[in-house]
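Below is a short report on one protein model.

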Amino acid sequence: MMLLDDNVDPQIVRVLAFWYCSQECFVRWKNCLSTGFYMSNGTRQGGVLSPYFFSRYIRDLIAAVANSGVGCKVIDHFINVLAYADDIVLIAPSWRGLQQLLNVLHAEATAINMECNIKKTVAVVFMPKNRGRVIATEFPLLKVGDSYINYVSRFKYLGHIVSCDMTDDDDIEREIKNMFIRTNMLARKFKKCSVAVKTNLFKTFCLCFCDIALLKTFKVGTMNKFRSCYNKCVKLFFGYQRLDSVTAMLFELALPTFDTILINCKQRYINCCNSVKNSLVACVYACMC
């Protein structure tokens, strides 16, 4: 019905309905293939049309939350919901406001036969930097339907750790841990490869700092630890000694320094924000700087 409301050709809707109602799936394990079974509920994971169908399915839900009139103002933009597929973040200036958004979300989700995963749903309280504006430090538990939501001091959203103190130290620690894990994995499997192959592998798997451009508030010691991690990983993977010169090593391998990576990532992010038509992204970044 939602596709028909968008004036999609009824013939296309009929084809899609038959297609998804007649899905036959198999399980392959090595050279063995299971008997077929039908799936009449849900879209294919990884399918080209799945993101479009899902975004259309929850469009009214997101619109209801966005138009509720409860949220926070960033410069001249009103923000109360961030949605990436089924990962949704609600933002409100008060406990009562957030509970109101949860009520709207629950009502709209029930109307389209969806449920919130309470086990993966948490709440975080961000205290004002001006302590004189702190009204309370403890709040009642929030509810989604008949279920309660627990408070946490930090949570992970799209791979980035958001802390209640609004610092990036926890996320930097996550990046450090992941870099050591990836480097050790490459060192075990590709120890005997040539320097050229190792360089490409290192750039591909160890320099994928997807959110390093967002780092703003952190301790100097934490960032120095991240910088030291980068230098140690290069030495470990390429077989350099502990006391070898970092500058000479990076020059020989034609690898950038850690500070160069950080500056380039931030500049690319700024250029991306300036090039997009949606000015909201640029405004949010301007508030973070």
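D5 is exposed, with a relative accessible area of 55%; exposed means over 50%, buried under 20% and partly exposed in between, with a 1.4 Å probe and protein chains only. The model is predicted, so local features need pLDDT of at least 70 and side-chain atom pairs count only at pLDDT 80 or more, while totals for chains, interfaces and linings use all residues. Residues are numbered from 1 along each chain as its sequence is written, and side-chain values use heavy atoms, with hydrogens and water left out.

D5 lies in helix α1, which covers residues 2-5. Helices (H or I, at least four residues) and strands (E, at least two) are DSSP runs numbered from the N terminus. From D5 to G239 the C-alpha to C-alpha distance is 62 Å, at a sequence separation of 234 residues.

### The chain as a whole

The protein chain has eleven helices and 13 strands. Its radius of gyration is 24 Å, whereas a compact globule of 289 residues would have a value near 19 Å. That radius is taken over C-alpha atoms, and the globule rule is 2.2 Å times the number of residues to the power 0.38. Along the principal axes, the C-alpha atoms of the protein chain fill a box of roughly 65 × 65 × 35 Å.

Of the 289 residues, 27% count as buried. The accessible surface of the protein chain is about 19,600 Å², and carbon and sulfur atoms hold 57% of that surface. These areas come from the Shrake-Rupley method with a 1.4 Å probe; for residues, only the protein chains shown count as cover. Among contacts (heavy atoms within 4.5 Å) with a separation of 6 or more, 55% join residues 24 or more positions apart.

Two loop residues other than glycine have a positive phi. For K30, phi is near 55°; K30 sits in the loop between β2 (28-29) and β3 (32-33). For N113, phi is near 60°; N113 belongs to the loop between α5 (95-111) and β9 (122-123). The table gives the accessibility of selected residues.

| Residue | Relative accessible area | Class |
|---|---|---|
| K30 | 66% | exposed |
| N113 | 73% | exposed |
| N80 | 2% | buried |
| L236 | 42% | partly exposed |
| I118 | 24% | partly exposed |

N80 is placed in the loop between β6 (77-79) and β7 (81-84). Which residues does N80 contact, leaving aside its neighbours within four places in sequence? They are V65, A66, S68, V70, G71, V89, L90, I91 and L101. N80 counts as buried because its relative accessibility is 2%. K189 is 109 residues from N80 in sequence, and their C-alpha atoms are 46 Å apart.

I118 is in the loop between α5 and β9. Beyond its neighbours within four places in sequence, I118 is in contact with V144, S147 and Y148. I118 and T257 are separated by 139 residues in sequence and by 43 Å between C-alpha atoms.

L236 is part of helix α8. With neighbours within four places in sequence set aside, its contacts are T183 and N184. D171 and L236 are 65 residues apart in sequence, with 23 Å between their C-alpha atoms.

### The pair α7 and α8

Two packed helices are described by the angle between their axes and the distance between the axes. The axes of α7 (residues 195-205) and α8 (residues 220-238) come within 11 Å and cross at roughly 145°. Axes are lines fitted to C-alpha atoms, for helices over the stretch in contact, and angles run from 0 to 180 degrees between N-to-C directions.

The crossing of α7 past α8 is right-handed. A crossing has this hand if the near helix is turned clockwise from the far one by less than a right angle, and is left-handed if anticlockwise.

On the α7 side, V195, K198, T199 and F202 take part, and they meet Y230, C233, V234, F237 and F238 of α8. The residues of this contact comprise seven nonpolar, one polar and one charged. Here Ala, Val, Leu, Ile, Met, Phe, Trp, Tyr, Cys and Pro count as nonpolar, Asp, Glu, Lys and Arg as charged, and the others, Gly among them, as polar.
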